[in-house]
Amino acid sequence: VGVLYIWFFAHRTAIILRQFGEFLTNVFYQETPILVFITITSIVVVYAVRQGIETICRVGEILFPIIIFAIIFVIAFIAKDMDLKILTPVMENGILPAVYGAFVIAPRTTGILFLSMLMPYINNPKKTKTYLGLGYIFITFFFVLTTISIVTLFGVEQAKLLVFPFYNVVRMISLGDFFERIDAVFGSIWVLGMFVNIAINYYITVLAAAQLLKLQDYRSLSLAMGTIIVSLSIFQSESMISLNEFLSYKIYTWYTLFFIVVLPLFLLITAVIRKKGDDSR
């Protein structure tokens, strides 16, 4: 089980790293090989991971309000162009399609696995459940806002074809003849946010590997794991199209369900059978 989770953490990190590289090469630097961005980012991430989780989280703490403000800013400026009628009729075919949609989206919340790895490092664990619940509510709210803005601007069919949909929303911002083309600024903010995301995932991967190998210091694995993740991010797919095929609901949903539902359920049942449920709480 430990090996499977190390694979999942490493694969998840490689996917985010590949998406990061695809964004830069497709949007800003079409002539630059994607390997350049993936390698440079990995080197910086390795340095951040060696500094410890507190350093990574403090960077995220600084960036979080900036990212939230940027999303609110974008939605406020494109609100006048949003056609809310596209969202109607609500539940035209009943509640079952909505439940199925929720089932498809639920496995995307893989962050719960990473948060469980970080819980032992929290200074005040008594408030973990409260902040975890509030965090998911907050994130869900902003995901709903961004999704509504994308669908009401482009329509459902066109939105399906967009590789970076919210970035296309940002490019539509225009106020008179003097305030437009802010996509470069938003892209910079997005890059910083992705860096923190990659760093946390990378840290969890190295930490899990160190725990399995019973090493006292995870830092000795940071560079070697980086080589594996960079290679995986390059060779896992030929292009963004093939990567999106893997990340579609037909494949990725069942892939993640195995790690966030099946394996934890297996461990829970095993603990109950071995009568260690009380000891683990």
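In this predicted model, the largest nonpolar core has 72 residues, and those touching the most other members are Phe-9, Phe-166, Val-169, Tyr-202 and Tyr-203. Helix H9 (residues 183-212) gives the most to this core, with 13 residues.

**Contacts of Tyr-202**

- Tyr-202 is among the core residues that touch the most other members.
- Once neighbours within four places in sequence are left aside, Tyr-202 is in contact with Thr-13, Val-45, Val-46 and Val-49, and also with Ser-222, Leu-223, Met-225, Gly-226 and Ile-229.

**Aromatic pairs**

- The structure holds 20 aromatic pairs.
- One of them joins Phe-8 and Tyr-255, with 5.9 Å from centre to centre and 50° between the planes, and this pair is tilted.
- Phe-8 belongs to helix H1 and Tyr-255 to helix H12 (residues 252-273), so the pair links distant parts of the chain, 247 residues apart.
- Phe-8 and Tyr-255 are both buried.
- Phe-23 and Tyr-167 form an edge-to-face pair, because their planes stand at 90°, and planes over 60 degrees apart count as edge-to-face. The centres of these two rings are 5.5 Å apart.
- Phe-23 lies in helix H1 and Tyr-167 in helix H8 (residues 165-171), so this pair ties together parts that are 144 residues apart in sequence.
- Phe-23 has a relative accessible area of 2% and is buried; Tyr-167, at 7%, also counts as buried.
- One aromatic cluster is formed by Tyr-5, Phe-8, Phe-9, Phe-246, Tyr-252, Tyr-255, Phe-258 and Phe-259.

**Salt bridges**

- The count comes to four salt bridges.
- In one of them, Glu-22 pairs with Arg-18, and their closest N and O atoms are 2.9 Å apart.
- Glu-22 and Arg-18 are separated by about one helical turn, because they are four residues apart in helix H1 (residues 2-27). Both Glu-22 and Arg-18 are buried.
- Lys-80 forms a salt bridge with Asp-81, with the closest N and O atoms 3.2 Å apart. Lys-80 counts as exposed because its relative accessibility is 60%, while Asp-81, at 37%, counts as partly exposed.
- Arg-219 and Asp-217 meet through their side chains in a salt bridge of 3.2 Å, N to O. Arg-219 is partly exposed, with a relative accessible area of 29%, and Asp-217 counts as partly exposed at 35%.

Key:
Residues are numbered from 1 along each chain as its sequence is written. This is a predicted model: local features need pLDDT of at least 70, side-chain atom pairs count only at pLDDT 80 or more; totals for chains, interfaces and linings use all residues. Side-chain values use heavy atoms; hydrogens and water are left out. Helices (H or I, at least four residues) and strands (E, at least two) are DSSP runs, numbered from the N terminus. Buried means under 20% relative accessible area, exposed over 50%, partly exposed in between (1.4 Å probe, protein chains only). A nonpolar core is a set of buried Ala, Val, Leu, Ile, Met, Phe, Trp, Tyr and Cys residues joined through side-chain atoms within 4.5 Å. Contact means heavy atoms within 4.5 Å. Rings of Phe, Tyr and Trp (its six-membered ring) pair if their centres lie within 6.5 Å; planes under 30 degrees apart count as stacked, over 60 as edge-to-face and the rest as tilted.
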